[in-house]
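I opened my notebook to jot down what I looked up in this structure.

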Amino acid sequence: MSLAPVMIEAAVAASVDNMVANSLVFTQTDNLHKFIMDPSTTYADPDPITTGTTVNFNLGGIWTQPVNIDHLNFKCHLFGVVAYNENFADVETVFPGSWTYALPFDVPPVAPTATYYVTVTAVDNTGADLFTIDTNFRL
């Protein structure tokens, strides 16, 4: 039995060497094994996040199997309450390999000083979750 890394593991390991310097920590919180988040292509831009800007939450990684994406859901909690909940259409069939997507989030010009908790979930055409990624930032 060989313990050599498979193509997907090798691609993720190679990308860790090129990680983006970012103050936000992104964590893949699902255990579905359909998508492996790549820390080198998952980041916020601009960083740090400030009021009155559009922030792109750039997501990247490797699909481990073919899936039919319907949309990505972007949810932001503030003080334990959902403050923003929007679906971004991304109807596409993806195959095993690299993938990236940028979700824009307009930060209002006036926003309370607090920690904002963000969850991004990819959803397939049957309504099933494909992956979930969490992060947070403070204004």
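**Entry: a threonine**

In which strand is Thr-121 found? I looked it up: Thr-121 is in strand E8, which covers residues 115–124. A note to myself before going on: this is a predicted model, and I'm reading every value with that in mind.

Is Thr-121 buried or exposed? Its relative accessibility is 11%, and the cut-off for buried is under 20%, so Thr-121 counts as buried. Then I listed what Thr-121 touches, skipping residues up to four places away in sequence: His-71, Leu-72, Asn-73, Asp-129, Phe-131 and Thr-132.

Next I checked how the strands line up. As a reminder, strands of a sheet pair through backbone hydrogen bonds, either parallel or antiparallel. I found an open sheet of 5 strands in the order E1-E9-E8-E5-E6, and the pairing is antiparallel. Which strands are at the edges? They are E1 and E6, each of which pairs on one side only.

I zoomed in on E5 and E8. They run antiparallel and are joined by 9 bridges. One residue I followed across was Leu-72, whose bridge partner in E8 is Ala-122.

How many of the residues of E4 are buried? I got 8 of 10, so I wrote E4 down as mostly covered.

Then I went through the strands that pair with E4:

- E2 and E4 run antiparallel, with 3 bridges joining them. Here I found Phe-35 standing opposite Trp-63 in E4.
- E3 pairs with E4 over 3 bridges, again in the antiparallel sense. Asp-45 is opposite Asn-56 in E4.
- E7 is joined to E4 by 10 bridges, and the two run antiparallel.

**Entry: a proline in a loop**

Where is Pro-46? I found Pro-46 in the loop between strand E3 (43–45) and strand E4 (54–63). Pro-46 has a relative accessible area of 31%, so I put it down as partly exposed.

I also took a distance. Pro-46 and Asn-56 are 10 residues apart in sequence, and their C-alpha atoms are 7.2 Å apart in space. For contacts, I left aside neighbours within four places in sequence, and Pro-46 came out touching Thr-54 and Val-55.

**Entry: the nonpolar core**

Which residues touch the most other members of the largest nonpolar core? The core has 33 residues, and the answer is Phe-57, Leu-72 and Trp-99. The elements that give two or more residues to this core are E2, E4, E5, E6, E7, E8 and E9. E5 gives the most, with 6 residues.

I stayed with Trp-99 for a bit. Its relative accessible area is 7%, so Trp-99 is buried. Beyond residues up to four places away in sequence, Trp-99 touches a whole list, including Phe-35, Leu-59, Trp-63, Leu-72, Glu-92 and Phe-131.

**Entry: aromatic rings**

I finished with the rings. A pair of aromatic rings is described by the distance of the centres and the angle of the planes. How many aromatic pairs are there? The count comes to 15.

The pair I looked at to begin with was Phe-26 and Phe-57. Their ring centres are 6.3 Å apart and their planes sit at 70°, so I noted the pair as edge-to-face. This pair links distant parts of the chain, as Phe-26 is in the loop between helix H1 (7–16) and strand E1 (27–28), while Phe-57 is in strand E4, 31 residues apart. I checked burial too: Phe-26 is buried at 13% relative accessible area, and Phe-57 is buried at 1%.

Phe-35 is in strand E2 and Trp-99 in strand E7, so the pair ties together parts that are 64 residues apart in sequence. Phe-35 is buried as well, with a relative accessible area of 2%.

Which residues do ring pairs link into a cluster? I wrote down Phe-26, Phe-57, Phe-74, Tyr-84, Phe-105, Tyr-116 and Phe-137.

Key: Residues numbered from 1 in each chain as written. Predicted model: local features only at pLDDT ≥ 70, side-chain atom pairs only at ≥ 80, totals over all residues. Heavy atoms only, no water. Helix = DSSP H or I, 4+ residues; strand = E, 2+ residues; numbered from the N terminus. Buried < 20%, exposed > 50% of the residue type's maximum accessible area, 1.4 Å probe, protein only. Contact = heavy atoms within 4.5 Å. Core = buried A, V, L, I, M, F, W, Y, C linked by side-chain atoms within 4.5 Å. Phe/Tyr/Trp six-rings, centres within 6.5 Å; stacked < 30°, edge-to-face > 60°. Pairing = 2+ DSSP bridges.
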